[in-house]
Amino acid sequence: MAYDNIIVDVEDHVCTIKLNRPDALNALNIELLRELGKALAEGQKNDKVRCFIITGSEKAFAAGADIKMMSEKSFTDVFSGDLFTPEEAAIMRIRKPIIAAVSGYALGGGCELAMMCDFIIASDTAKFGQPEVNLGVMAGMGGTQRLTRLVGRAKSMDMNLTGRFMEAEEAERAGLVSRVVPCKKLMDEATAAAKKIAEKSMISVMAIKESVHRSDQMPLSEAILFERRVFHSMFAAEDQKEGMAAFIEKREPQFRDR
Ligand code: CAA
C-alpha cells in the first residue's frame with residue numbers, strides 16, 4: 001500500500017514505519033496518524049510481520065501534533081469530532097510489539113506517540129517534552145497520564161507545567177526509555193531488538209504485551225491474577241512444550257506460534 005506521510009518497509013519479520021513529513025518535523029496531522037493506524041493494522045494481519053519499529057528522522061521523531069492543523073479549530077470541532085481518539089485507539093489495539101526508535105525531538109504528540117509504543121530506544125540526541133503549555137493548551141494524547149506513570153509525578157508535573165525538554169540521559173534515568181545509543185547506531189539497535197523479539201513465539205510475545213499493559217490499568221492483585229491465568233493458559237500451547245524441551249535438550253527452540 002502506498003502512503004503519503006509514512007514509509008513502510010518489511011524485512012526479516014520487522015515492519016519499520018518511518019514518519020515522513022520532514023518539512024514539518026514529522027508533525028502529526030490526521031492524515032499521518034490515519035496512515036500509521038492503517039500500516040499497523042496491515043502488519044497485525046500479516047504473518048510475515050512479528051514486530052514493528054516506529055521511527056522518524058535524525059532531527060525529529062515527531063515535533064508534536066500538527067499545530068497548523070489545530071490552530072483554527074473550535075471546541076465543537078475537536079469535541080464533536082473526538083480529535084485523536086480513533087487515531088490513538090488504532091495504535092493501542094495492535095497486539096504485536098511496537099518499538100519506538102527516537103532521535104531528536106519527541107515533543108507533545110510525538111512524545112505521546114513514543115509512549116504508546118511498548119518501549120523506547122533513544123539516540124543520545126533525543127529530546128522529550130510536553131510543551132503544549134506554551135501553546136495555551138495541555139497534552140491530549142497521554143502526556144499527563146502515560147508520562148506520569150512512566151517517570152512519576154514530580155518529573156511529569158515539571159515537564160508538563162514548564163514545558164522543558166528532557167534529554168536522553170535523563171529520560172533513561174527516569175524510566176521513560178529503555179536504552180540510549182549513539183545516534184548513528186539507533187536503527188541498528190532497534191532492528192536487532194525487533195529481530196530478537198521476532199524469533200520468539202508470537203503467543204508468548206502477544207501475551208506478555210497484553211499482561212504488561214494490564215499493569216497500569218488494574219490493581220496489583222487483579223493484574224497478578226490476570227498474569228497467572230495467562231501464564232497457566234500457555235501450557236495449552238505447543239510452543240510451551242517446545243520451548244521447555246529445547247532448554248532441557250540444550251538446543252534452540254523451533255517455535256510455531258501454536
Ligand atoms: N506542528 C506543525 N508544524 C510544526 C510543528 C508542529 N508541532 N513543529 C514544527 N513544525 C514546523 C515549523 O512550523 C516549521 O515549518 P515552516 O518551515 O513552514 O515554518 C518546520 O516545522 C521546522 O520547524 P522550526 O523552524 O520551528 O525548527 P527549529 O529547529 O527552529 O525548532 C522545535 C524545532 C523546537 C521542535 C520547534 O519546531 C517547536 O517548538 N515545535 C513545536 C513543538 C510543540 O509545541 N509541540 C506540541 C504540539 S501540540 C500537541 O502535540 C498536542 C497534543 O498533545 C496532542
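Reader: Where does Leu-135 lie?

Author: Helices (H or I, at least four residues) and strands (E, at least two) are DSSP runs, numbered from the N terminus. Leu-135 lies in the loop that links strand S8 (127-129) to helix H6 (146-151). Residues are numbered from 1 along each chain as its sequence is written. The model is predicted, with pLDDT of at least 70 required for local features and 80 or more for side-chain atom pairs, while totals for chains, interfaces and linings use all residues; side-chain values use heavy atoms, without hydrogens or water.

Reader: Why does Leu-135 count as partly exposed?

Author: Buried means under 20% relative accessible area, exposed over 50%, and partly exposed in between (1.4 Å probe, protein chains only). Leu-135 is partly exposed because its relative accessibility is 47%.

Reader: Which residues come nearest to the ligand?

Author: A residue is near a molecule if one of its heavy atoms lies within 4 Å of it. The ligand has 24 residues around it, of which Lys-59, Ala-65, Gly-109, Glu-112 and Glu-132 come nearest. Helix H2 (67-70) is one of the elements that supply at least two residues of this shell, and H2 gives the most, with three.
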